[in-house]
Amino acid sequence: MLPIAISLVILASILGAPIASSQSAAPARQSVLDVTSLDPSVDPCTDFFTYSCGGWIKKNPIPADKTSWGFSSKLVDDNRVLLREILEEAAAPAPEKDLVKQKIGDYYSACMGEQAIETAGTVPLKAVSERIGRMHSKRDIAGLAASMPNRGALFDFQSDQDFKNSTLVIAEVDQDGLGLPDRDYYVKSDPKSVELRQAYVAHVQKMFELLGASPGVAATQAQAVMRIETALANGSLTAVERRDPKLLYHKMTLKQLEALSPSFRWKQYFSASGQPGLRTLNVTAPEFFKAMDAALRKEDLQSWKAYLQWHLVHANAPYLSSAFVNADFEFFGKTLSGAQELEPRWKRCVDYADHDLGEALGQAYVQRAFPPQAKQRAQKMVKEIEQAMERDIDGLSWMSSETKQRALEKLHAVANKIGYPDKWRDYSTLTIARDDELGNVLRAREFEFYRQLAKIGKPVDRGEWSMSPPTVNAYYNPQLNDINFPAGILQPPFFDPDADDAPNYGDMGGTIGHELTHGFDDEGRQFDPQGNLRDWWTAQDGKEFEQRASCISDQYSQYVVVDDIKINGQLTMGENVADLGGLLLAYMAWQDQTREKKLSAIDGFTPEQRFFIGYGQAWCNQTRDETKRMYAAIDPHSPDKYRANGAVSNMPEFQRAFQCKTGSAMVRENSCRVW
Ligand SMILES: [Zn+2]
């Protein structure tokens, strides 16, 4: 995973997947509906989340090294036990090893070799650090930025599917270059934000001191970093703006980009990145590059040196000696996210291996943890939920037949990816050494950077995955129009091929429906069946959609996250629309599937109740206040409690299942429905 537990999996999907627990005993298999996790003292019609999860939450406080704890983070942790076994086996000496085992085994060994890492100190960064120190002019920044081992200092350079030509991969530059999780952290003036910025500057100073600067010099350098990052933040798009793909598409010639930021030597940068012939690209955020240019003009060479040194050490701190690891944790783990302790080294190493060699580790993982019957049952469920969506679209009262026809075309074009990729990534050109932890990380980063750039000008590979097979998460990609369910999430307590249908449909069915609905949320609906940014809606239907989506936004904007912070209804709109749509589709599919069957109560719960408890327990999770605060700013997902309560309180099917009375909290007077 990324060195800092902030942005890990917030990108796409369903679970904010944080990091998890402690002992390494074989994990007990948890049922997809766990009655002991309920809190029967709570009325399900008042607070369905606490009813579904309150028993478990009371018995399972957040471990000291976690920022949140629940069914998903526990599964992540349990998964790590298995991944560790795989990695330790691969690391053990053996007469003959295949290339995949060799790589993951050596990677893990190097990462666990604490003594060598302590001895190395910052030596592995020395060459680049000295190059930064030797810069004579700000005109050298471009060449240096291109060869820095942390991509994303200043901005991102990558490839992307052309938003308007889904067959082609083009080059792209995107905003980045901040140390804090989002541009809002630099611009907000409330006391908490001011306090966090002060703590951040103190942390930056501390890191300069660890690199050998005197406190006075380090303080000056930290101030320079803060000024430059604030300037970049002011030019950056907000998290809400970035949900609108139209705002991220500005195809330009190299000349136009040079006109936008003439102080940066782009030709030199692209040449040094192995792309000397680049003439056109997408510039996601032109204002950012203007702001970068202004900062390049305004700040002096010394300040820029400080900025680059900071990003060099910041990006690599988790892989350096303990002084750096601990300082990095003190700010990003503790102050920013609320964790009390650093996770044990082996857990971090498992995560790094998954991040850097995910499809090598994943091969061994699926052999051990993903039986063919789990894949078959998931495939069947996906098909049924797609059929439910077909019926759902057909029956919509607010949509014209013209738009319905196109929605169905899009639905039929969705690619279903289940478990793991058909073709594994080839890591043969990535050198992994058994005794060089940071070197492995840097080479893996290079490998990924050039793997992405090698796609420029080529056709799109529609088989690619952007999550590794062990990942406990799922996503929809609007550009590929595909739904993706890694093997990691297709297991108890989210999915159990051996359990009864009702909770399986409520839980995993809800997740499948959620990802599918993303193709038709405020963002996804702007892409056509092939993944082109193209409006296929009639104007009237577009208005009807927006009206219904704003009902959801208004609903969630009322919910309190922590203290005085409420959910940002615009930021979370797509996820909330997908939660409600997904649950409805899962319910329709389950009803259709079991129409002929005579269902009976189990453990005192009707089949309908079991369906909804299965859904409610998908969100059994508690989170530290610091992390809640952070997620409120950057995470497009609502807090777990409202993912449960927000969706069911819009559903008459739920209210009937639990016989909720009008006026109960889980019976919304003007309930919302989009899909
Ligand atoms: Zn989602």
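How many salt bridges does the count come to by the rule used here? The count comes to 45 salt bridges, a salt bridge being a side-chain nitrogen of Lys or Arg within 4 Å of a carboxyl oxygen of Asp or Glu. Please keep in mind that this is a predicted model, in which local features need pLDDT of at least 70 and side-chain atom pairs count only at pLDDT 80 or more, while totals for chains, interfaces and linings use all residues. Residues are numbered from 1 along each chain as its sequence is written, and side-chain values use heavy atoms, with hydrogens and water left out.

- An open sheet of four strands has the order 2-3-5-4, with mixed pairing; strands (E, at least two residues) and helices (H or I, at least four) are DSSP runs numbered from the N terminus, and two strands pair if DSSP finds at least two bridges between them.
- Strand 2 (155-162) and strand 4 stand at the edges with a single partner strand each, so one side of each has no neighbour in the sheet.
- On average, neighbouring strands of this sheet are turned by 40 degrees against each other, direction ignored; the axes are lines fitted to C-alpha atoms, for helices over the stretch in contact, and angles run from 0 to 180 degrees between N-to-C directions.
- Eight bridges link strand 2 and strand 3 in the antiparallel sense, and Gln-158 has Glu-172 in strand 3 as its bridge partner.
- Strand 3 (residues 165-175) runs parallel to strand 5 (residues 280-283), and two bridges join them; here Val-173 stands opposite Val-283 in strand 5.
- Strand 5 also pairs with strand 4 (residues 251-253), in the antiparallel sense and over three bridges, with Thr-253 opposite Thr-280 of strand 5.

- Strand 7 and strand 8 (residues 482-486) run antiparallel and are joined by three bridges; Tyr-475 stands opposite Asn-484 in strand 8.

- Beyond its neighbours within four places in sequence, Trp-266 is in contact (heavy atoms within 4.5 Å) with residues including Phe-155, Val-173, Leu-254 and Phe-289.
- Helix 1 (residues 48-59) has several buried residues, among them Phe-48, Tyr-51, Cys-53 and Trp-56; buried means under 20% relative accessible area, exposed over 50%, and partly exposed in between (1.4 Å probe, protein chains only).
- The cover over the buried residues of helix 1 includes strand 1 (68-70), helix 2 (71-91), helix 22 (607-617), strand 11 (621-623), helix 24 (640-648) and helix 25 (652-657).

**Salt bridges**

- Side chains of opposite charge can pair when their charged atoms come close.
- Asp-436 forms a salt bridge with Arg-443, with 3.5 Å between the closest N and O atoms; Asp-436 is partly exposed at 26% relative accessible area, and Arg-443 is partly exposed at 28%.
- Arg-451 and Glu-448 form a salt bridge whose closest N and O atoms are 2.9 Å apart; both lie in helix 18 (residues 437-453), three residues apart, about one turn of the helix.
- Asp-592 and Arg-595 meet through their side chains in a salt bridge (2.0 Å, N to O); Asp-592 is partly exposed at 29%, whereas Arg-595 is exposed at 57%.
- A network of salt bridges links Asp-65, Lys-66, Asp-77, Arg-80, Glu-343, Lys-347 and Asp-351.
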